[in-house]
Amino acid sequence: MEKVFKSGLIRNRNLEQLNQETVWDVVIIGGGSTGSAIALDSVSRGFKTLLVNSGDFASGSSGSSTKLIMTGPSCLKGLKEWKQLREDLEERKYLLANAPHLVKEKNFVIPCYKGSTLAFYYFTLLAGLAAGYGGYGMGRPLYLRPEEVIRKLPDVKAKELVGGVQFKAVQFDDARLNIALIKTAAKQGAVCLNYVSAKGLVRDADGRIQSVFLEDQLTGQSFRANCKMIFNAAGEGADTVRQMAYAEAAPLTEVKKFTCMVMEARHFEGEYGMLTPKAKGEQRLFCAPWNRMAEVGVVEEKEGEDSGAAVTRLIEKIKPFLEFSIDRNNVTASFSHTVVTPKKDFGRGQEGSNSLILTEFENMVTVVGGGWKNYRQRAEKAMTAAIDAGLVYKKPCSTMFMSIARNHHFDPEALDKGLADGKDVTAQVVEYAQYCLEHEFASCADDVLFRRLRIGQMSAAVTEKLRPEVEKVFA
């Protein structure tokens, strides 16, 4: 069935600003975790800022992440990893302080079936605690006897269990955090538009980008935005934007997809999540309580594999760690988590092995990779790169201690939990959808069901039941 779209009042006002003769200090292409953070950093420094995203905000990888930030289990191999862990913990501290309505600490347990595995994780986490001294808030790891592991994780396999290690991670709502960042930037004066695509770049004789051709995906209307510089934060589309500037630009990005699934509420609905020990050649898997459901992930999708086959492989990989039998009947929904990283021959960026900040084409700063873990710091470093290149004036960053917008009118998390519990909250959902149309940049039912609410990722059946009622709001 064809989607029905509708523009709210705020979006229409923002579109009107594109018709004005304005020279933007900063234009950002891409409205995910990186783009939204750059928009907030830029506008808070006083720059006239425009952000556009070809789809809805958080409709890409930023809204389908694992929803977890795990800084603890990383193995520290040297001073570089030690420094990185301290930076990760510092960013985690800012995130917890600035968005407590969207970010919570969550206790995780690693069940261990060999004494050597138990010792490895316990002492690795102790080393991480030492790296995070000075108020970084990592928390001391706990050594658990087998009976303590089973008490905290009743669904974990008990046979041959020798103990476990408990540590603190961070669980957050990725899409709602993304949209809250957009709202925070908008309140400070940034013009943020979803469903607006960059179609081309205009460069002067010196090679500097003068303007961006834009198209509203909902109406087909075209615009030309004049600018002093551009941030390319388009994720999977970063190379497409680069090739608008220079058709022969070599591909920069690599893309991998991973699958997460959601199980019915009776499993892992307690206080604790589970992280599996890492086997050679395998990824760690996790089971985490999430809005009365249980999120399970993550397995890398094979080339040409559909999501159903990936879910089947994920079930097979998690089975050995569970006491109960699991099959496709337990799965209520699944989603793909996309990871974009720079190709190895482009080197690496300042803040980690999976990211790159590159100043190119005279006045474009391309930012690739990184995900949610260091999104605020990555935006700050991207702005620093622009300052160092003389593209914007040097002004102080203030995002470390900036509160992120919250919704004082609705509690979308409570709506998600009510839907997961089987309650009839359709009327409240419809009322919330109307609010999202006018105040949270929603333009269609999927914007509400998958990103302002999270039921779209939690239960396919409940989502399809709600869809007709929500679509009436956008008719």
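The model is predicted, and its chain holds 14 helices and 19 strands.

**Overall dimensions and burial**

- Taken along the principal axes, the C-alpha atoms of the chain fill a box of roughly 70 × 55 × 40 Å.
- Of the 475 residues of the chain, 57% count as buried.
- Ala 250 sits in the loop between α7 (238-245) and β13 (253-263), and with a relative accessible area of 40% this residue is partly exposed.
- The C-alpha atoms of Ala 250 and His 439 are separated by 40 Å, while the two residues are 189 residues apart along the chain.

**The open sheet β1-β11-β10-β9**

- Four strands make up an open sheet in the order β1-β11-β10-β9, and the pairing within this sheet is mixed; its edge strands are β1 (23-24) and β9, each of which pairs on one side only.
- Strand β9 (residues 196-203) has six of its eight residues buried, so it is largely enclosed by the rest of the structure.
- Seven bridges connect β9 with strand β10 (residues 209-216) in the antiparallel sense, and among the residues involved, Leu 201 has Val 212 in β10 as its bridge partner.

- Strand β15 is mostly covered, since five of its five residues are buried.
- In a regular strand the side chains alternate between the two faces of the sheet.
- In β15, Phe 286, Ala 288 and Trp 290 point one way and Cys 287 and Pro 289 point the other way, and all are buried.
- Strand β14 (residues 272-275) runs antiparallel to β15 and is joined to it by two bridges, and the bridge partner of Met 274 is Cys 287 in β15.
- Strand β16 (residues 293-300) pairs with β15 in the antiparallel sense over five bridges, and the bridge partner of Phe 286 is Gly 297 in β16.
- The hairpin of β15 and β16 has two residues between the strands, and in this hairpin Asn 291 takes a positive phi near 50°.

**Helix α4**

- The 17 residues of helix α4 (residues 115-131) should span 24 Å at 1.5 Å a residue, and the end C-alpha atoms are 24 Å apart, which agrees.
- The buried residues of α4 are Thr 117, Leu 118, Tyr 121, Tyr 122, Thr 124, Leu 125, Gly 128 and Ala 131.

**The second largest pocket**

- The second largest pocket holds about 650 Å³ of space and is lined by 30 residues, of which His 101, Leu 102, Asp 173, Arg 176 and Glu 413 lie nearest its centre.
- At least two lining residues of this pocket come from each of β5 (103-112), β7 (163-172), α6 (174-187), β15 (286-290) and α10 (412-420), and the largest share, four residues, comes from α6.
- By class, the lining of the second largest pocket comprises 12 nonpolar, five polar and 13 charged residues.

- About 140 Å³ of space lies in the largest cavity, and of the 15 residues that line it, the closest to its centre are Asn 98, Tyr 375, Arg 376, Thr 399 and Ile 404.
- The elements α2 (33-44), α3 (79-98) and α9 (375-388) each give at least two residues to the lining of the largest cavity, and α3 gives the most, with four residues.
- Nine nonpolar, two polar and four charged residues make up the lining of the largest cavity.
- The second largest cavity has about 30 Å³ of space, and its lining consists of Lys 3, Val 4, Cys 444, Ala 445, Asp 446, Arg 467 and Glu 471.
- Two or more of the residues lining the second largest cavity come from each of α12 (445-452) and α14 (460-471), and by class this lining divides into three nonpolar, no polar and four charged residues.

Notes: Residues are numbered from 1 along each chain as its sequence is written. This is a predicted model: local features need pLDDT of at least 70, side-chain atom pairs count only at pLDDT 80 or more; totals for chains, interfaces and linings use all residues. Side-chain values use heavy atoms; hydrogens and water are left out. On a 1 Å grid over the protein atoms alone, a cavity is a set of points where a 1.4 Å probe fits but cannot get out, and a pocket is an open set with protein on both sides within 12 Å along at least five of seven lines; lining residues have an atom within 4 Å of a point. Grid points are joined across faces, edges and corners, and a volume is the space filled by probe spheres set on the points. Ala, Val, Leu, Ile, Met, Phe, Trp, Tyr, Cys and Pro count as nonpolar, Asp, Glu, Lys and Arg as charged, and the others, Gly among them, as polar. Buried means under 20% relative accessible area, exposed over 50%, partly exposed in between (1.4 Å probe, protein chains only). Two strands pair if DSSP finds at least two bridges between them. The expected span of a helix is 1.5 Å times one less than its number of residues.
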